[in-house]
Amino acid sequence: MSAKAISEQTGKEFLYKYICTSAAVQNRFRYASVTAETDWERLTQEHPWLLTERLVVKPDQLIKRRGKLGLVGINLDLQGVREWFKARLMKETTVGKATGVLKNFLIEPFEEEFYVCIYATREGDHVLFHHEGGVDVGDVDAKAQRLLVAVDEKLSEEQVTEKLLLHIPDEKKEVLASFIVGLFNLYEDLYFTYLEINPIVVTKDGVYVLDMAAKIDATADYICKAKWGDVEFPPPFGREAYPEEAYIADLDAKSGASLKLTLLNPRGRIWTMVAGGGASVVYSDTICDLGGVDELANYGEYSGAPSEQQTYDYAKTILSLMTREKHTQGKVLIIGGSIANFTNVAATFKGIVRAIKDYQGPLKEHEVTIFVRRGGPNYQEGLRVMGEVGKTTGIPIHVFGTETHMTAIVGMALGHRPIPNQPPMDAHTANFLLNASNSAMTPATTRTASFSEPRTSSDVDPAKKSKAGLPAAKPTTLFRKQTKVIVWGMQTRAVQGMMDFDYVCSRDEPSVAAMVYPFTGDHKQKFYWGHKEILLPVYKNMADAMKKHPAAFDSTMEVMQYPQIHTIAIIAEGIPEAQTRKIIKKADEKGVTIIGPATPGCFKIGNTGGMLDNILASKLYRPGSVAYVSRSGGMSNELNNIVSRTTDGVYEGVAIGGDRYPGSTFMDHVLRYQDTPDVKMIIVLGEVGRNLQGIREGRITKPVCFLSSTCHCYLQVQFGHAGACANQASETAVAKNQALRDAGAYVPKSFDELGDVVKTVYDELVANGTIIPAQEVPPPTVPMDYSWARPASFMTSICDERGQELIYAGMPITEVFKEEMGLGGVLGLLWFQRRLPRYACQFIEMCLMVTADHGPAVSGAHNTIVCTRAGKDLISCLTSGLLTIGDRFGGALDAAAKQFSKAFDSGMLPMEFVNKMKKDGKLIMGIGHRVKSINNPDMRVQILKDFVKQHFTSTQVLDYALDVEKITTSKKPNLILNVDGFIGVAFVDLLRTCGGFTRDEADEFVEIGALNGIFVLGRSMGFIGHYLDQKRLKQGLYRHPWDDISYVLPEHMSM
């Protein structure tokens, strides 16, 4: 849960330190903290105002409405405060259903009082003000003046004065208005979600802040760390803070996984170790529904693929806690979870098994019985290992898989249902066969008619056009078989899972068009399409991806700039609520639907649906008649499992996410399903949220099965989903469930009964002809999940010789000759994977021609000749010559291209560039020649220059290099732009302006050495020529003459 309460002391420190207002905020740090250990004499020395002023005293333990509970002492002197303390300090007190000890107090000065409160909602932030604050403020929701500040809007002093300060004396309005605006800005800047001051006092000296209650968005820690510092989040009143909770919180902070633990009743007999935030709420809910609320010892979850060691640390902490005190009836440990998407169940169970082995003695001594239910990747092996440890240790461990309803083990553990001796095991539905042929064809569609036949594109309602000035309308149908997706981030496992799903659903091509990953240059990433390896483009930024493929906060806001994007799925957790509300506002303006992970019948997002065996077991490869919407992504697989066992299957499923303000709401999707003809019944699974008014008003006419958690009515705990919060009685799950039953919705008593209710409704729809089940057919033969497949030893994207004819970068060899592409064209295909313009191919061929040879005296040719005369073979001699190529000889193409383009791109003037290189003591690569000069020009350069100036669309880098040449030749005539330098800078212009490459791609080809390849290829022709020439001339072994060698020996050696 992101919104967490902070102590009054912390809240006031934030306010005093960071508020910006023209009002004089007094009472800066004028408070005194008191505990049982307080030395009163020392306290009055540190805070002398305690002896002279009237005082207010109250507990600082996250207790709201303290005045109504008689927990605020007002208008007291110090002696009165001490007497007030005697009756309350370290005394047990009941607040609502929570009982705790009063031990932390604040003392403050007492003054005249007003009330102000700011709190967040989906639409914006509400500011409440009442002119009569203090203990007797009463029902502020009904009495206070109210102002809504919409998302991304600012609050002005004029608005405050006009809307809120109606009953305030004129002399205090200016001060209060300035303070409230400053308070609102502080609320936004420090990511508060709730900020209440009651009372607030205004005198001639300024504003005094007395009583404060506040919550901040804990997920904004990375933004506000500098101002927040290390914030401590105290436990709610009535619950002690345990060191084990702090230990798990520390593990969670250091891990990419999610590890949560809250102790409710350390003496309880029912303990849980649940995988997944949504599942943890469902298990707690079922335990409460079955009468186990008083014995529920803990709430928590582990999820996000924790490592074996992390799971071991988590499990041993729970086992340590539950084996400290015996229970007369023994204890039960429920190790549960939904069907995992990507977490390796066997790996996480290894950590739990290690902990069980370490604690086997205490577990048997405390008569602990363990119930296990799990599904997901490798779950069969995990259950086998868990069953084996039960046999070897003698601890009763009952193990169940996906064949058993998720919460059935709760009834078994609490004695409400029998424990089966041998639970039925699911048969494997997936045919993980590798294709024996090289065919990469998509498998044929497995059925001619779906359960609810999808409409053709002509039948689909187009996105409704909005009237001028209104937000864009969102489409009813989010995904079709032609929908393409761009994945932000290097989510390779998720992308492969989407491709596997596409393949078994008989899509013609992958749904993933590209990936965007800003931390690397543009490149290709390998994936499997069925049995074939394919490459997907990965772009550095969204703009390049959208140009190539028209169809967490910063990335989402950037994506919404493009009209091609209609739906965005945000899988990342930890987005601050203030940023989420900005995303929602922008999405509403753009007509974009924001959802969490989802699995529609023809489209799969990310890891949803799990691995292929679960996709096939849940029959997600074809559409059914049931659509669902859930908060929890982890619970989606469980719903897929339930629906596939009780109906004809899932048509579409959406998980909107567990945040307090999800991008889209339950109602958004329920209304979509209502308007989708192929959806015949709807399931809503979620914690307490807004009432589904559409059911009561008749807007929703299709059967709806609605299940909301009820354990919030029994437990005072922050759940794994921020959405699991109710603020008023009408929003509690019990009241809501009854209202939905009255409106005609189908509401199971608990998750345990959901499958039975769904089956009953489905059978009724079949009986009355609303649903006509189609004949089921076996699923197609599918490839292995890519992580299990044997990867190929090599990858290639430039050539394929396996078919009837050779293919160069997708172009058959016959087409290469038919199009008369020439050597330059072939080089473009094989080196750059592009069909280059004709002038570019000609330029490449000219470069090869002018670099073919430069006489026998250059080092490369010399080496080749010496090697040839030593009697070596062609390959050895050619290699001998090529090995001399580098920055000093021939390899200046890349270096010149990098130096000149970097200087040009940085805006450096040619003279500045020359001076900088001189100052740094570096040579300018591509400048200088031993023979040629400004007076004896190199005709090779002149030929190339004439061609480039005539055919290239732009020569900015070349022109820059020629300006540098003017400076260098003015110093020395042979410091010309030589042929290597010319080819290097001209090639940069070619790559950047020919239209075939992005800027990043052009820079990458320079970086990886493609330009030096031009010289290597061209000069190889000359080296081979020298080899053949020496063989033809029958030249003997070469020995260098002595008279051409200067022997310089140390003097003592020569003597």
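How many residues does the hairpin that joins β12 to β13 pass through? The hairpin runs through 2 residues. The views below come from a predicted model.

View 1. Strand β12 covers residues 192–203 and is mostly covered, with 11 of its 12 residues buried. Strand β13, residues 206–209, is antiparallel to β12 and joined to it by 4 bridges. In this pairing threonine 203 stands opposite glycine 206 of β13.

**View 2. Pairing of β12 with β9 and β14.** Strand β9 (residues 114–120) runs antiparallel to β12, and 5 bridges join the two. Cysteine 117 stands opposite glutamate 196 in β12. Strand β14 (residues 212–217) is also joined to β12 by 5 bridges, again antiparallel. Here isoleucine 197 stands opposite methionine 212 in β14.

**View 3. The open sheet β28-β27-β29-β30.** In this order, 4 strands form an open sheet with parallel pairing. Strands β28 (650–655) and β30 (704–708) are at the edges and have a single partner strand each, so one side of each is left without a neighbour in the sheet. On average, neighbouring strands of this sheet are turned by 10° against each other, direction ignored.

View 4. Strand β29, residues 681–686, runs parallel to β30 and is joined to it by 5 bridges. Valine 684 stands opposite phenylalanine 706 in β30.

**View 5. Helix α20 on the sheet strands.** Helix α20, residues 634–646, lies across β27 (626–630), β28 and β29. The helix runs at about 155° to β27.

Key:
Residues numbered from 1 in each chain as written. Predicted model: local features only at pLDDT ≥ 70, side-chain atom pairs only at ≥ 80, totals over all residues. Heavy atoms only, no water. Buried < 20%, exposed > 50% of the residue type's maximum accessible area, 1.4 Å probe, protein only. Pairing = 2+ DSSP bridges. Axes fitted to C-alpha atoms, helices over the stretch in contact; angles between N-to-C directions. Contact = heavy atoms within 4.5 Å.
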